[in-house]
Amino acid sequence: MNQTLIKLSELGPEMAMLVGACLCLVVGLHRSAEIRKLAPSLVAMALIVAGLLTALEVVDASGVWTMATFVKMMVCGIGMLLVMFMSTVPDAVSPTGKFNPSRVMRGEFFAFFLFSLTGVMLCGGANDLVWLFLALELTSLPTYVMIVISRDTDEASESGIKYFFLGAVAAAVFLYGFTMIYGATGMTNFDEIRQAIAVTGVTPLLTLGLVLSIVGIGFKIAAFPMHFYAADVYQGAMTPVTAFLAFVPKTAGFVSLIALLSLVTQGNIVIDPVTQQLTSPLPPMIASLLWVMAALTMTLGNVLGLMQTNVKRILAYSSISHSGYMLVGLLGMSAGIGSTAIGNGAAAVLFYLVAYALGNLAAFAVLSCLQRNGEEATELDALSGLAKRHPGLAAIMLLSCLSLVGLPPMVGFIGKVYLFGSAVQQGFAGLVIVAVVNSAISAVYYLRIVSSCYFGEKSERSQIVLSSPYVIPLASIAVGVAILLGMGFGGNSLAVTANQATTDSTLFEQVDVQLIEQLLRTPAIADPAIH
Amino acid sequence: MGLDIALLPLLVIFPLLSGLMLPFLGGDDPQRIKSFALISSLFTFVFSLGLLVGYDFSNSAEMGLVTDVSWFESLGLTFSFGVDAISIWLVLLTTLLMPLVILGSFSAIKFRIREFFFWLLLLEAAMIGVFVATDILFFYICFEFTLIPMYFLIGIYGSSQRLKAAKMLFLYTFTGSMLTFAGILYMAWCNGSWDFSFEALSHAHENMTTNQQVLAMLAMLAGFAVKVPLFPVHTWLPLAHTEAPTAGSVVLAGVLLKLGTYALIRLAIPMLPDAALVVAPYMGILAVVGVIYAALICWVQKDIKKLVAYSSVSHLGFCVLGMFALNVQGLSGSVMYMINHGLSTGALFLLIGMIYERFHTREMSQIQGLGRVMPIWATFMVFFAMASVGLPGLNGFVGEFLTLFGAFQSAVLGPAYAAVAGLGLIFGAIYILHMVGKVVWGPVKIPQGHENDAKDLTGREITVLLPLAILCLWLGVYPMPILRTLDQPAQAIMERVGTDLLEENQAKPPVRYDYHSHVRAEISSDATLTLKTLSEGGR
């Protein structure tokens, strides 16, 4: 109980978010539309306060970043961009005079937005299985509602329901996995599980638990075999919500996977044959599972992406394939002690999440500006000739596609260097070949988007509507940051921070020093000169 | 001293910034945009001349003017700049061609002018970046980035099949270079440290078995051979060339293809020396096949531009043959070939562009006997065609001769390769003369409706061609200033690969090269001396 209190005291940022969410709910009930419109500003304020509190936490820890603070900061930063985007959710009463729920600004939408982000923050700080489960569900549950209420169409309801039921199945799967882990170790606290694993090693039951957890969480990150919902759900939701879906549950999923996998890596310390340093690779069984998942996720995402003509669906499949790339990074997650940043796959995943979020957000933001007869226009031909009609939007689309495809000088390229470098470091060169071939495949459909913007004839079928004054600034900020990070302005410190966040807190902090010494004494790794 | 450090970054940043300024340049006057682009590229050229002053040529295998700018320390990435003799000449080729290309496309580009020059300047920055990078990922970034401007140049300003051509160019080269990317990571991993500087990676082979080296070499070749382009991955090139606007073709032939060969000489061969020895015979075979095959294709082309495009494939085959001869003659000949090919083929594309601007066709059956109506154009055409064929006394000869001679003498290739590739020379003469014969001589034939367009070259067009012609002549008669500087880098590569020892161990009687029995007497005595000293110096 005492521990819970200590834990609660570290939750300042989350508290700020929850307070913001409650305020949104209250404001959303007000009669005057002017007051109701304050909800997005409240969200922004909550995010700023949470960001400041996180910064204070880091200062308190004398500048050392942990997984929790890193995730909180990332959520605050990307959350600010997202809320600028969410403010495009229409708020005017529909001109026909009929009451249209989707056209009234509602506080609950923004409250759910904040709840979901709070869930991600909690995932980052989780140190208990139950906690992790609750955090994951807190992330997901609001998203089901957000899909449905953002838009008054049958498609939106359909996506919401699909997402809900499949999400429930996935939650059951990983909860089952969590219980197995509990069964294998007898603990729910991460530190205790670590210690238990260090004693028992990786038992079959534990492996089974991990496999189920990984597959279940695979739903959140839209990885094979739980990827199939993505295109339908993304297409049905309103574009800002789609952008939200493409980032928030995915971040929660990857953060949880890093937390779970780092539980077992510690029980598996060996000497790297090349560098002669201590490393802790994943158990072979888990590694092969992730290998297959990564390869299939990338390939399916990219190949199916090739066949789409709807930009939203293309971006949905691209987001599947990006999960595949990040799974490649997860395989690289076992930092050797004292290794450089590039060997650290978990940090690479965190870095790539930021890179991916920036590119994706900008692409969706441009897409949301295109409308046809008052509806979203998301077919490829809606983009046709965009460069002539609106060169700024086309340039943003171009840069975001370049970042997503991983071309220099965008941050997406650095992200890939980081991910693939880490995987090569762990000896997964074969998978990296699969990944780079996939990057090449993905270039085809990104090029299709770009070529539609730049080479297409002017299309009269879609018009550009800026439903919110924040869309273009948001997209420009995202793209601008992506370039700056890629060129090295702040990118290096982001990489260092991500490295710090994943090495200090999760892996080697509680390494049993005796265990290492014992390992070092074993003949296989001892200095041959002694013999 | 301060200038020394700033020079190389300046060469990259200046065209980049002027490119980025272009969209914000006020006013819609196309003339203003054009002159801005021209002036900034001229400035870049002037800056690049500083290389000749600032670099110490007495030690031309060493990287000079070295500068590091921090980028991603934690991932081992730095923007590190440096040049040696090989890169200096290629940088100068780039900066020289660029103003000419810009001047040459003043009248050809009629819409989206601002965008056109924007992409051209960005392209220039990226190409210079490739030649001055001494960090492999910085190199790779510039190498990849050249794709984006090229994609737009072809996709927006190309002819009828431009979309397909742009897509093919992008996908072919991108796929290849992604594999190269994996290879680079693999090399760094084998090396045991995530340091991507050339310096660090030049020791990678010490930590790699031959098999590992061959794997890395294959990955490198995947990217670079596509760019060269080497047979059988050359199929994107003819389409890209034919569909590209003139400026695009000139840059593509003049510089972009050289990125591939430069990467082979700079990275693949010296960093993976054992693998280079293993793959050299195969590369030699591919190069020779490419030479012959492309030459035969040229013979049957009806479209002049396509003919010149295929001739690039054939010519670059010589270039690859020379470098995989792995001796001084071959390597320095290969670099010479890059420069010469850039000059003469670039000029040919410019000439064809001028024809296309006038008649809107490039079919040989439609345009004939232009010698009578456009004498100046015809003079240039014959001149550059001869340079391209390799007529002694013009620049093409020097590179061709040295690469063949290198292959002949090579310890890893041998006379057979040179003999077969030599056939390519004959075919080369046939197809070029066939084309020139039809287009320049013979009865006058001008496409219907364009009878009044058969005007000779304007002053602007002559200004574009003249510098190239002078250089072609100069490099043909007296290539020594360049050749002399290439000796040391070539020697250094040879020592890394170990072919210098190989040649000594062979202990075969040195082949005395009797100049007069091989080369016609017209050649000037300067060139004689050059070639003779060179052929002896290598042994």
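The legends below describe close-up views of a predicted model.

Local features are described where pLDDT is at least 70, side-chain atom pairs count only at pLDDT 80 or more, and totals for chains, interfaces and linings use all residues. Residues are numbered from 1 along each chain as its sequence is written, and chains are lettered from A and ligands numbered from 1 in the order in which they are written.

**View 1. The contact between chain A and chain B.** In this view, 35 residues of chain A are in contact with 29 residues of chain B; two residues are in contact if their C-beta atoms, placed from the backbone, lie within 7 Å. On the chain A side, two or more residues come from each of helix H18 (411-425), helix H19 (429-455) and helix H21 (491-507). H19(A) gives the most, with 13 residues. Helices here are DSSP runs of H or I with at least four residues, strands are runs of E with at least two, and both are numbered from the N terminus. By class, the side of chain A that touches chain B has 25 nonpolar, ten polar and no charged residues. Ala, Val, Leu, Ile, Met, Phe, Trp, Tyr, Cys and Pro count as nonpolar, Asp, Glu, Lys and Arg as charged, and the others, Gly among them, as polar.

**View 2. The two domains of chain A.** Chain A is divided into domain 1 (9-88 + 110-125) and domain 2 (126-507), with bounds that come from an automatic or database domain assignment. Taken over C-alpha atoms, the centres of domain 1 and domain 2 of chain A are separated by 21 Å. Where they meet, 27 residues of domain 1 of chain A are in contact with 42 residues of domain 2 of chain A. Helix H5 (67-86) and helix H6 (107-125) of chain A each supply at least two residues of the domain 1 side. The largest share of that side, twelve residues, comes from H6(A). The domain 1 side divides into 19 nonpolar, eight polar and no charged residues.

**View 3. Glu357(B) and its surroundings.** Glu357(B) belongs to helix H14 (residues 328-359) of chain B. Leaving aside neighbours within four places in sequence, Glu357(B) is in contact with Ser107(B) and Ala108(B). Thr246(B) is 111 residues from Glu357(B) in sequence, while 9.5 Å separate the two in space, C-alpha to C-alpha. Why is Glu357(B) counted as partly exposed? Glu357(B) has this label because 15 other C-beta atoms lie within 10 Å. A residue is buried if 20 or more other C-beta atoms lie within 10 Å of its own, exposed if 12 or fewer, and partly exposed in between, with C-beta atoms placed from the backbone.

View 4. Pro229(B) lies in the loop between helix H9 (210-227) and helix H10 (236-243) of chain B. The bond that joins Val228(B) to Pro229(B) is cis, with omega about -10 degrees.

View 5. Arg112(B) is not a glycine, yet has a positive phi of about 50 degrees. Arg112(B) sits in the loop between helix H3 (85-104) and helix H4 (113-132) of chain B, and is partly exposed, with 16 other C-beta atoms within 10 Å. His360(B), likewise not a glycine, has a positive phi of about 55 degrees. The loop that holds His360(B) runs between H14 and helix H15 (370-373) of chain B. His360(B) counts as partly exposed because 13 C-beta neighbours lie inside 10 Å.
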